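Hello,

Here is the structure I promised to pass on to you. Have a look at it first, and my notes follow below.

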Amino acid sequence: MNNGTSEYRYMLEMFIGDECLICGSKEKLYFHEIHDVRHPTTFKYYIAHLKDFIPLCSRHHQKMHSILYRLEHYPESTKSLRIISLIAEAISVKSCD
Ligand SMILES: [Zn+2]
Ligand SMILES: [Zn+2]
C-alpha cells in the first residue's frame with residue numbers, strides 16, 4: 001500500500017492483524033497473500049479477500065517466500081511433510097530487527 005493510505009492501512013491492520021503471525025512484531029508489517037498469487041494492492045481487493053491475507057513482519061515475510069519458493073521443487077506427495085518442517089524452521093527464527 002502506498003502513500004496517503006494510512007487510514008486504509010489502519011483498517012486493514014484491524015481486520016487482518018497488526019502483528020506478525022510468527023513472532024508478534026509490529027514493525028514493517030506485510031500482508032502476505034496465502035495462495036501466493038499476484039493481486040492488486042488496492043484497499044478494495046484486500047477488503048474483498050481478507051481471509052487470504054496474513055500479517056507478517058518483513059523478516060518472516062521474506063522467509064515465507066523462500067519457503068514457498070523451495071516448496072515448488074518438491075513433489076506433491078512429500079509437500080505436506082515439507083510444509084510442516086519448513087514452517088517449524090521459520091517459527092524458530094524469532095529475532096526480528
Ligand atoms: Zn516476524
Ligand atoms: Zn507475500
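**What I found**

Ile87 is a residue of helix H4. Please keep in mind that this is a predicted model. Is Ile87 buried, exposed or partly exposed? There are 14 other C-beta atoms within 10 Å of Ile87, so this residue counts as partly exposed. Lys63 lies 24 residues away from Ile87 along the chain, and their C-alpha atoms are separated by 9.4 Å.

Helix H3 covers residues 58-71 and helix H4 covers residues 76-92; their axes come within 10 Å and cross at roughly 160°. Angles over 145 degrees count as roughly antiparallel, and H3 and H4 are therefore roughly antiparallel to each other. Their crossing is right-handed. On the H3 side, the contact is made by His60, Lys63, Met64, Ile67, Arg70 and Leu71, while H4 contributes Lys79, Arg82, Ile83, Leu86 and Ala90. What kinds of residues make up this contact of H3 with H4? They divide into 6 nonpolar, 4 charged and 1 polar.

Next, the core. Cys20, Ile22, Leu29, Leu56, Cys57 and Met64 form the largest nonpolar core, which has 6 residues. In soluble globular proteins, nonpolar side chains tend to be buried together. One member of this core, Ile22, touches Leu56, His60, Ala90 and Ile91, leaving aside residues up to four places away in sequence.

Another isoleucine to find in the viewer is Ile16, in helix H1, which spans residues 6-16. Ile16 has 19 C-beta neighbours inside 10 Å. A residue needs 20 or more to be buried, so Ile16 counts as partly exposed. Which residues does Ile16 touch, not counting those up to four places away in sequence? They are Phe31, Leu50, Phe53 and Pro55. Of these, Leu50 is 34 residues from Ile16 in sequence, yet the two are 6.4 Å apart in space, C-alpha to C-alpha.

Finally, the chain as a whole. It has 4 helices and 2 strands, and reading along the sequence gives the pattern α-β-α-β-α-α. Of the 97 residues in the chain, 12% are buried. Taking contacts between residues at least 6 apart in sequence, 63% join residues at least 24 apart.

Happy to go through any of this with you.

Best wishes

Note on methods. Residues are numbered from 1 along each chain as its sequence is written. Chains are lettered from A and ligands numbered from 1 in the order in which they are written. This is a predicted model: local features need pLDDT of at least 70, side-chain atom pairs count only at pLDDT 80 or more; totals for chains, interfaces and linings use all residues. Axes are lines fitted to C-alpha atoms, for helices over the stretch in contact, and angles run from 0 to 180 degrees between N-to-C directions. Angles under 35 degrees count as roughly parallel, over 145 as roughly antiparallel, 65 to 115 as roughly perpendicular and the rest as oblique. A crossing is left-handed if the near helix is turned anticlockwise from the far one by less than a right angle, and right-handed if clockwise. Two residues are in contact if their C-beta atoms, placed from the backbone, lie within 7 Å. Ala, Val, Leu, Ile, Met, Phe, Trp, Tyr, Cys and Pro count as nonpolar, Asp, Glu, Lys and Arg as charged, and the others, Gly among them, as polar. A nonpolar core is a set of buried Ala, Val, Leu, Ile, Met, Phe, Trp, Tyr and Cys residues joined through C-beta atoms within 7 Å.
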